[in-house]
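Please keep the model in view while reading.

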Amino acid sequence: MSAAAPVSSAAPGVAAAPVFSVDGLWKVFGPKAERVPADPELAALTPAELRSRTGCTAAVRNVSFDVRKGEVFVVMGLSGSGKSTLVRCLTRLIEPTSGGLAIDGEDVLAMDKTRLRELRRHRAAMVFQHFGLLPHRTVLDNVAYGLEIQGVGKAERRAKAAEVVAKVGLEGMEQRRPGQLSGGQQQRVGLARALAVDPEVLLFDEPFSALDPLIRRDMQEEVIRLHREEGRTMVFITHDLNEALRLGERIALMRDGRIVQLGTPEEIVGSPADDYVREFVRDVPREQVMTVRTAMRTASAEEAGNGPAVAPDATVSEAIEAVARAGCAARVVDSGRCVGVVDSGALLGVVAGVGGDANAAVGDGRASVGGSQAAVGDDGAPARGSQAPARGSQAPAKADPGLAAGDDEEVA
Ligand SMILES: Nc1ncnc2c1ncn2[C@@H]1O[C@H](COP(=O)(O)OP(=O)(O)OP(=O)(O)O)[C@@H](O)[C@H]1O
Ligand SMILES: [Mg+2]
């Protein structure tokens, strides 16, 4: 996405090849697995039918996506939906049954042993849920391990390891062993070990699910920071929706081996592809995910010159604050230009789950505000979320005639 790292090989204006390109990928476990993707009738069976007819489990079913350079690509789904199998297929730690798979345009399925080893050691590093540290080695030597496997000399790998240890905030702990560290610190070592080989892409398989919520948040911040600072491509597996929404630039939602929806957090929360996804995102505080783009409408000449300015990718929650504070609609300003306006009615419509069509939101939004606040209140992050709409909700009641006339000044 916009955070993409510069790509020297691509000519200006030519999109870089995706880091991973996955095309119709299948992984079937069980006897004569290859016949399942090859036979349309078998391929169409439900997981239970497939198991009883063939004894096979289709862990990954006809999955296609690209991972773009520099993005955080999240794969989310319930336990057993196929996430780990999919991420392991990317470096052929699990051998795919059929389909296409490329890294930087190079066919991964055609790689020989040497090339595959090179892929796993240099290009794609994995961070695991249970850290996978060597208990008898120091932090420094654990971090240097990947470099050691690469054949890097001792002095050089230790120097590099020390640098990465500092980068993940473990300075001073170089000589400890994993058993002398907290869970969060151990996972920092796991992260440092993956970073030390300077991989093109980091693969995370539920790296933080063994950590308690506060440490987990810390580690998420760490990933966000690393991504911001280095623009490294990341594929991040999680079954936690909040984690997916925090980290993902795009999210692939898996169910029974298939991707049921692939989109930005805003697309997934704002336009769920089916009832399954809708149910999945039901309790998400929408105002913290949806941006003002969703709620904005064309500004009149007068509106374009008045009111507080918000960026197009500001969250609805941020815009509600701005609108409530100013007492009038906010201008959506992109590179110094007013591209639209958001008023309190439209913003509330998003909160209430009727956003998207800003005009419809004005009328319908208010009716269900009470319900939506209750839903927000159920969530783990209610403090800001539930207060903002409450403040905002004062405005539209008064502002109604003004909104209808397209004159937001009346809100004040
Ligand atoms: N080696 C295997 N042999 C047979 N079936 C397997 C094997 N590995 C995984 N499966 C099955 O494939 C499906 C997907 O498993 P996978 O581990 O990819 O799920 P997951 O989404 O990572 O789940 P979790 O969140 O619990 O880690 C499950 O039904 C699982 O039982
Ligand atoms: Mg898993």
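Which residue in E13 does Val333 stand opposite? The residue opposite Val333 is Cys338. The model is predicted, and the points below are grouped by topic.

**The sheet and its helix**
- E11, E12 and E13 form an open sheet of three strands in that order, with mixed pairing.
- The edges are strand E11 (309-310) and strand E13 (337-342); each has a single partner strand, so one side of each lacks a neighbour in the sheet.
- Strand E12 (residues 330-334) and E13 run antiparallel and are joined by five bridges.
- Helix H15 (residues 316-326) packs on this sheet and touches E11, E12 and E13. The direction of H15 makes about 130° with that of E12.

**The helix pair H7 and H8**
- Helix H7 (residues 154-167) and helix H8 (residues 183-196) have axes that come within 9 Å and cross at roughly 135°.
- H7 and H8 are therefore oblique to each other, and their crossing is right-handed.
- From H7, Lys160, Ala161, Val164, Val165 and Lys167 meet Ala192, Leu195 and Ala196 of H8.
- The residues of this contact comprise six nonpolar, no polar and two charged.

**Around ligand 1**
- Ligand 1 is surrounded by Phe29, Thr57, Ala59, Gly77, Ser79, Gly80, Ser81, Gly82, Lys83, Ser84, Thr85 and His239.
- Strand E2 (57-67) and helix H4 (83-90) are the elements that give two or more residues to this shell.
- H4 supplies the largest share, three residues.
- Nine residues of the shell are polar, two are nonpolar and one is charged.

How values were computed:
Residues numbered from 1 in each chain as written. Chains lettered and ligands numbered in written order. Predicted model: local features only at pLDDT ≥ 70, side-chain atom pairs only at ≥ 80, totals over all residues. Near = placed C-beta within 6 Å. Helix = DSSP H or I, 4+ residues; strand = E, 2+ residues; numbered from the N terminus. Nonpolar A, V, L, I, M, F, W, Y, C, P; charged D, E, K, R; others polar. Axes fitted to C-alpha atoms, helices over the stretch in contact; angles between N-to-C directions. Parallel < 35°, antiparallel > 145°, perpendicular 65-115°, else oblique. Left-handed = near helix turned anticlockwise from the far one by under 90°. Contact = placed C-beta atoms within 7 Å. Pairing = 2+ DSSP bridges.
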